[in-house]
Amino acid sequence: MKDGSIRKPARPFQFLPSSEPLILDEDEGVGSDDSPPATSATSANAKKHAIEDGVNGVSKKRRRKTNNGVDGDVVMVDAVLSPALTEELPTTNGCDVGTQIEDAVEILAADTLTLTEGEGIVFCAWNPIFPTLLASGGSVARIWSVPEDETPPGVLNHKMLPHEPSRMSTDKPNVIVIRWSPEGDRLASGSYDGQTRIWSRDGRLVHNMRLHPYPVSALKWNRITSILLALSCDGKMIAWDTETGDQHRVFELANGAMVSDVEWVSNSQFIACGENGIIYQFDIGVEGPLHSHMVHDGEVECLAWDEQTETIATGGQDASIWIWHKPSKDSTPAVKLIGHTGGIVSVAWQPGFDFDPASPKRILASASHDTTVRLWDVVSQTCLRVLTRHADPIERICFSSDGNKLASGANGAVLVWKTNSGALTHVYDRAKSRRQSEHAGSEDFSEINEISWDEGGQRLAIGEAHKVILHITLVTTRQVLMDQQCVIVCINSKSPATA
């Protein structure tokens, strides 16, 4: 909720009977025609190798080729409930029951605003409260002021955030992770050289915390913003006091096991997952993990916490998703969602809707290396939609703040979908012309590092590897900016604006 409190259901959250596993047909997607296999886009271990193996922090990941059916079709899956299974472990899958063809808007490079960032990994994040502020990270970190109405004919105002390299490191201080606080008044940044910083909304440095010897791969604020949890590529998790900048506690797994992701489940407890298929629950007042559960067969790639139902979702390289309600020592993950055929790289709960016990439904989106995005109702354990227009392993997904739109990114292509129907509404594919060229090679892919919606759900920021941030506005007028080597064209929901 807006004030940060958790709405408690009138009755306990519970799952309904599961459905029979069914068969899924595939469809052709948007993306590479010559794409080698991919690796994880979200795990800290994968990020570490991507950073070390790349140039200036840019991953050289390869992607795999996929062939999927007839171009232009959007495959959707309707929920099909069957009698409860007798097995102890409930599972579910989706079934292709038809296609929907809808005219989607193609967003061209000339229809976007490009904020040139130089070389390096590029990340971006809209402020969750102040709608004109956009933060970016890469070789340089900035806070941009982007007007809500019409973009002025000139250079956008921005504040550069200086990141001096650590005295203990000769590495460039590339900013590889950024995150706004829930109230939008502070910005956290993590660098390749292991430094974590907290900035005010106007770009003033508040704290510089130097303890990680390896790149910072994730930053998570607790709900009341008293603690910032920083995860580094060596698996260490440091809880920082955000008021003083002091270290609160350092956590790590036994035997130096790697940690892929972390997620707060309360103001004092968080979940961590790693390469061994185990998920761990920690408390900031206790030295080691409170307890752990073996869940996935292989690395656990991603986590997502839902405050509405006090439930955490986990995605793994084994292509499965586990749902764990009210994590504790005495409870275990009880529902397994099956349907993807490749590793899960991202899971996200639909925001903007209160859980109604009288008509229980909770939507979870999952993205996979199998090139598809799935929408699940975790209460009934059914797959509602399978979104199949991508031709490359998915790298990122992000819901708009109202939950009505979902953006997915893979190999330079970002697609925008309607959540309720699964209809494709917008297609952005900056690398399309390069891929269609006879001289295009495997090095011509464009990695999507981040996707971020503004608070109103009308503007989408895309952080791409190498050099740019692209932000797409879904309004009605057109203007050209001359001084930043960038162009913006505003579009409506039906067709691109024309000159």
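Me: Which residue's side chain meets that of Lys220 in a salt bridge?
Reply: The partner is Glu263, with 3.5 Å from N to O. A salt bridge here is a side-chain nitrogen of Lys or Arg within 4 Å of a carboxyl oxygen of Asp or Glu. The model is predicted, so local features need pLDDT of at least 70 and side-chain atom pairs count only at pLDDT 80 or more, whereas totals for chains, interfaces and linings use all residues. Residues are numbered from 1 along each chain as its sequence is written, and side-chain values use heavy atoms, with hydrogens and water left out.

Me: Are Lys220 and Glu263 buried or exposed?
Reply: Both are buried. Buried means under 20% relative accessible area, exposed over 50%, and partly exposed in between, with a 1.4 Å probe and protein chains only.

Me: How many salt bridges does the structure hold?
Reply: It holds 11. Among them is the one between Arg362 and Asp306, whose closest N and O atoms are 2.9 Å apart. Arg362 lies in the loop between S25 and S26 and Asp306 in strand S21, so this pair connects parts 56 residues apart in sequence. Arg362 and Asp306 are both buried.

Me: Which residues are linked in a network?
Reply: Salt bridges link Asp185, Arg186 and Glu243 in a network.

Me: Changing topic, what is the strand order in the open sheet of four strands?
Reply: The order is S21-S22-S23-S24, and the pairing is antiparallel. Its edge strands, each pairing on one side only, are S21 (300–306) and S24 (335–338). Two strands pair if DSSP finds at least two bridges between them.

Me: How many bridges are there between S21 and S22?
Reply: Six bridges join S21 to strand S22 (residues 311–316), in the antiparallel sense. Leu303 has Thr314 in S22 as its bridge partner.

Me: Why is strand S25 largely enclosed by the rest of the structure?
Reply: Because six of the six residues of S25 (residues 344–349) are buried.

Me: And which strand pairs with S25 over five bridges?
Reply: That is strand S26 (residues 363–368), again in the antiparallel sense. Ser346 stands opposite Ala367 in S26.

Methods: Helix = DSSP H or I, 4+ residues; strand = E, 2+ residues; numbered from the N terminus.
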